[in-house]
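Here is a short report on one protein model. Please look over the sequence and the structure first.

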Amino acid sequence: MRSFNFKSARNTKEARKLAIGRATFLAGGMSLIPAIKLRLAAYSDLINIKKIKSLSGIKISSKSLRIGATTTHAEVADSKEVRKAIPSLANLAEGIGDPQVRNRGTIGGSVANNDPAADYPSACLALNAIIHTSKRKIPVDKFFKGMFETDLKKGELIESIEFEVPEKSAYAKFPNPASRYAIVGIYIAKLKKEIRVAVTGVESCVFRCKKLEDVLSSNFSPSSIDSVNISSKGFNADIHASADYRAHIIKVMAKKAVSSC
Ligand SMILES: Cc1cc2nc3c(=O)[nH]c(=O)nc-3n(C[C@H](O)[C@H](O)[C@H](O)COP(=O)(O)OP(=O)(O)OC[C@H]3O[C@@H](n4cnc5c(N)ncnc54)[C@H](O)[C@@H]3O)c2cc1C
């Protein structure tokens, strides 16, 4: 591991000031530290943002739920407000990794990292989230750009994520038995104006499945999914699952999600 400077920011202004050159933000370190250790990434400075009080916490209104960037997965899973407003989001957080990862890893880190098999990006996409950063508000449809790639600019800090409160929603994951990352994860949300279906673990980046959204918009039932033909073209294929198997599991998980809505 190459050497780096460790700096702790007391507030967001200081964090932004320190994030220059080859510096990067450090939240839970659950993805960043392994990447540095494996020499997949190298930085001159790590800016610890976990001590910034304004970045943590959960706020609920009648229309939306806003979660601070450094709120941990365990805090989301244990939150009575989240469980009441969007139970599927608390369930998703409860199913991430293991207790150590859930107690260190943060929602902002997961969303900024945009791992192709991560759970939170699917929640953001299905729940029509707004990503609040130090510079702007980014609608989720413009946020996730590709594998480990987002619309965030250099030194731009995620401050919170605002989710639309759905009429009903559910997340169904077929997890990797070792890491719990999604081999296939399907997040379905019935919002006031539309039905959104987000798929993770299947391509290089989370995506919306229009075919499933269309059938569920005319008939919101598990049986309506039978008629959908999911092509495996472009899907991930690895030691865990072939592309065809992932295509099959999408329908199985989608039915499971609709049944639990
Ligand atoms: C063993 C293991 C199992 C896991 N299983 C799962 C799983 O089942 N499902 C799942 O979804 N994830 C899983 N993860 C990943 C985990 O959820 C991480 O917590 C998450 O990916 C990164 O969050 P973090 O707070 O640790 O971010 P860090 O590792 O600190 O940072 C990750 C990246 O995000 C950037 N960043 C962090 N915070 C911000 C911010 N506020 N604004 C801008 N950029 C920021 C950092 O600079 C870095 O580039 C697993 C990880 C491990 C080690």
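Strand β6 (residues 130-133) pairs with β10 in the antiparallel sense, over four bridges. Two strands count as paired if DSSP finds at least two bridges between them. Strands (E, at least two residues) and helices (H or I, at least four) are DSSP runs, numbered from the N terminus. The bridge partner of I130 in β10 is E162. Strand β5 (residues 64-68) is also joined to β10, by five bridges, and the two run antiparallel. Here G68 has S160 in β10 as its bridge partner.

How enclosed is β10 (residues 158-164)? Five of its seven residues are buried, so the rest of the structure largely encloses this strand. Buried means under 20% relative accessible area, exposed means over 50%, and partly exposed lies in between (1.4 Å probe, protein chains only).

The model is predicted: local features need pLDDT of at least 70, side-chain atom pairs count only at pLDDT 80 or more, and totals for chains, interfaces and linings use all residues. Residues are numbered from 1 along each chain as its sequence is written, and side-chain values use heavy atoms, with hydrogens and water left out.

**A four-stranded sheet**

Four strands form an open, antiparallel sheet in the order β11-β12-β13-β14. Its edge strands are β11 (168-175) and β14 (207-208), each pairing on one side only. Strand β13 (residues 195-200) is joined to β14 by two bridges. A198 has R208 in β14 as its bridge partner.

Two helices lie across these strands. Helix α5 (residues 87-94) lies across β11 and β12 (182-190), at about 20° to β11. Helix α9 (residues 210-218) lies across β12, β13 and β14, at about 150° to β13. Axes are lines fitted to C-alpha atoms, for helices over the stretch in contact, and angles run from 0 to 180 degrees between N-to-C directions.

I188 sits in strand β12. This residue is buried, with a relative accessible area of 0%. Which residues does I188 touch? Leaving out residues up to four places away in sequence, its contacts include K168, S169, A170, R196, V197, L216 and F220. Contact means heavy atoms within 4.5 Å. I188 and P166 are 22 residues apart in sequence and 9.8 Å apart in space, C-alpha to C-alpha.

**Pocket and cavity**

Rolling a probe the size of a water molecule over the atoms shows where empty space is left. On a 1 Å grid over the protein atoms alone, a cavity is a set of points where a 1.4 Å probe fits but cannot get out; a pocket is an open set with protein on both sides within 12 Å along at least five of seven lines; lining residues have an atom within 4 Å of a point. Grid points are joined across faces, edges and corners, and a volume is the space filled by probe spheres set on the points.

| Space | Volume |
|---|---|
| Largest pocket | about 1300 Å³ |
| Largest cavity | about 50 Å³ |

Of the 47 residues lining the largest pocket, S31, L32, G109, A112 and N113 are closest to its centre. Helix α7 gives the largest share of this lining, five residues.

T24 is in strand β2. T24 is buried, at 19% relative accessible area. Its contacts, not counting residues up to four places away in sequence, are L32, Y43, D45, L46 and I47.

The largest cavity is lined by R2, S3, F4, I36, A41, A42 and Y43.
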